[in-house]
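Thanks for coming. I have one structure to go through today, and I will take it piece by piece.

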Amino acid sequence: MKTEILKLDEASSKKAAEIINGGGIVAFPTETVYGLGASVFDEKAVKSIYAAKGRPSDNPLIVHVADKDHIEQVAREINNNARMLIDKFMPGPITIVLPKRKEIPDCVTGGIDTVGVRIPEHEGARMFLKACNVPVPAPSANSSGKPSPTTAKHVFDDLSGKIPLILDGGACTGGVESTVISLCGEKPMLLRPGLVTHEMLESVLGHVDIHSAVLENGKVDKAASPGMKYKHYSPKARVLIIDGDISDGEKVYNLCVKMKRNPLILWNGEEIANSNMHADTLMNHNDTSAAARNLFALLRRADDSGFDTVLISAVDKSGAGLSVMNRMLRAAAFTVLTKNEIAFLDENKLKTVLQNS
């Protein structure tokens with residue numbers, strides 16, 4: 001199969017919609033990351049999303065709709081909390097998990113009775129969805145487990161030959177996937193952090209619990225949201241999180257060099273400006289929103305440049321930082337080196353860390 005890339009406009013949206021309504025799959029941009037979509041009512045097409053990505057079938061998909069009126073095509077019940085979030089944050093980078101309508105196939109939701117639904121803020125995405133005239137379930141348009149795609153090229157690198165069309169809307173402005181909040185239990189539960197932050201959710205709903213899977217490597221039997229159950233966002237390079245200052249990062253970097261590894265360090269730009277290390281700017285002045293925009297592209301660039309180890313600065317977990325730490329932890333298989341551990345780190349101990357994680 002030849003994969004075509006077309007600039008996102010009215011004509012290409014119509015062509016993409018024809019593919020969707022004809023039982024095919026298409027990659028399209030949103031403000032968060034690029035998605036890979038199909039018609040929600042076409043089980044064969046939905047299953048082809050899983051096949052193209054190599055995605056486990058019990059990992060649910062988020063359903064994208066063009067406007068608020070279409071949410072009722074997907075969810076059988078919209079409670080007061082949901083209506084408040086819809087009014088406040090949609091369109092936007094937020095997904096609300098609600099009880100699903102019986103018409104929604106189980107293959108969309110990973111076999112559970114709830115469904116995540118969102119309205120993208122990206123105008124081009126909504127133009128495409130309106131042209132489809134059907135809800136579109138879409139995970140990130142990448143090979144399963146790899147860093148999510150924030151440009152059309154990222155999608156092409158992963159899925160060329162597996163999908164017919166990529167709509168190119170430029171680089172994504174958000175950089176991390178949507179916030180996912182479940183409103184199906186007794187209390188609101190944040191399942192995946194994003195740029196609609198925990199603090200923003202609580203300003204509308206009051207207290208919102210955070211699922212333990214956001215920051216801990218625990219077992220999840222059935223995931224109500226993508227990003228809860230499996231390893232995600234990982235480059236080929238080994239990722240280690242450094243919970244310390246730049247001197248700690250430099251120590252680990254130098255140990256990697258002594259071990260004949262090829263490391264890259266991702267840090268605050270002002271702290272690595274005059275460094276002799278191979279380094280790239282994750283953010284400047286601890287701006288976690290910038291870290292969110294940059295993270296996946298930097299991880300992909302590390303692979304493209306041949307680095308085998310990525311050392312990345314931990315970030316503050318308030319605001320957008322919670323979403324960044326969530327993605328970094330999964331990319332690093334939850335391997336974090338603290339300042340105290342680094343003080344006693346040597347080549348043998350680092351070798352053990354790299355082997356065991």
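What covers the buried residues of α2 includes β3 (35-37), α4 (106-109), β7 (136-137) and α6 (152-159). Before going on, the basis: this is a predicted model, in which local features need pLDDT of at least 70 and side-chain atom pairs count only at pLDDT 80 or more, while totals for chains, interfaces and linings use all residues. Residues are numbered from 1 along each chain as its sequence is written, and side-chain values use heavy atoms, with hydrogens and water left out.

Some terms. Helices (H or I, at least four residues) and strands (E, at least two) are DSSP runs, numbered from the N terminus. Buried means under 20% relative accessible area, exposed over 50%, and partly exposed in between, with a 1.4 Å probe and protein chains only. Contact means heavy atoms within 4.5 Å.

Which residues of α2 are buried? In this helix, residues 43-53, they are Ala45, Val46, Ile49, Tyr50, Ala52 and Lys53. Seen down the axis of α2, these fall within an arc of 170 degrees, so they line one face of the helix; the arc is taken from the directions from the helix axis to the C-beta atoms. Lys44 and Ala51 are exposed, on the face turned away from the buried side.

Now the ends of α2. At its start, a side-chain oxygen of Asp42 comes to within 3.3 Å of the backbone nitrogen of Lys44. Just after the helix, Gly54 has a positive phi of about 70 degrees.

Ser13 is in helix α1, residues 10-21, and counts as buried because its relative accessibility is 0%. Leaving aside neighbours within four places in sequence, Ser13 is in contact with Leu8, Met127, Phe128, Ala131 and Leu167.

Ser234 sits in the loop between β11 (209-210) and β12 (238-243). At 9% relative accessibility, Ser234 also counts as buried. Not counting residues up to four places away in sequence, Ser234 touches Gly145, Lys146, Pro147, Arg330 and Ala331. A polar atom of the Ser234 side chain lies 3.3 Å from the backbone oxygen of Ala331.

Last, cavities: sets of points on a 1 Å grid over the protein atoms alone, where a 1.4 Å probe fits but cannot get out. The whole structure has two of 30 Å³ or more.

Key. 1 Å grid on protein atoms, 1.4 Å probe; cavity = no way out; pocket = protein on both sides within 12 Å on 5 of 7 lines; lining within 4 Å. Points joined across faces, edges and corners; volume = space filled by probe spheres on them. Polar contact = N/O pair within 3.5 Å; in protein donor to acceptor, adjacent residues only side chain to side chain.
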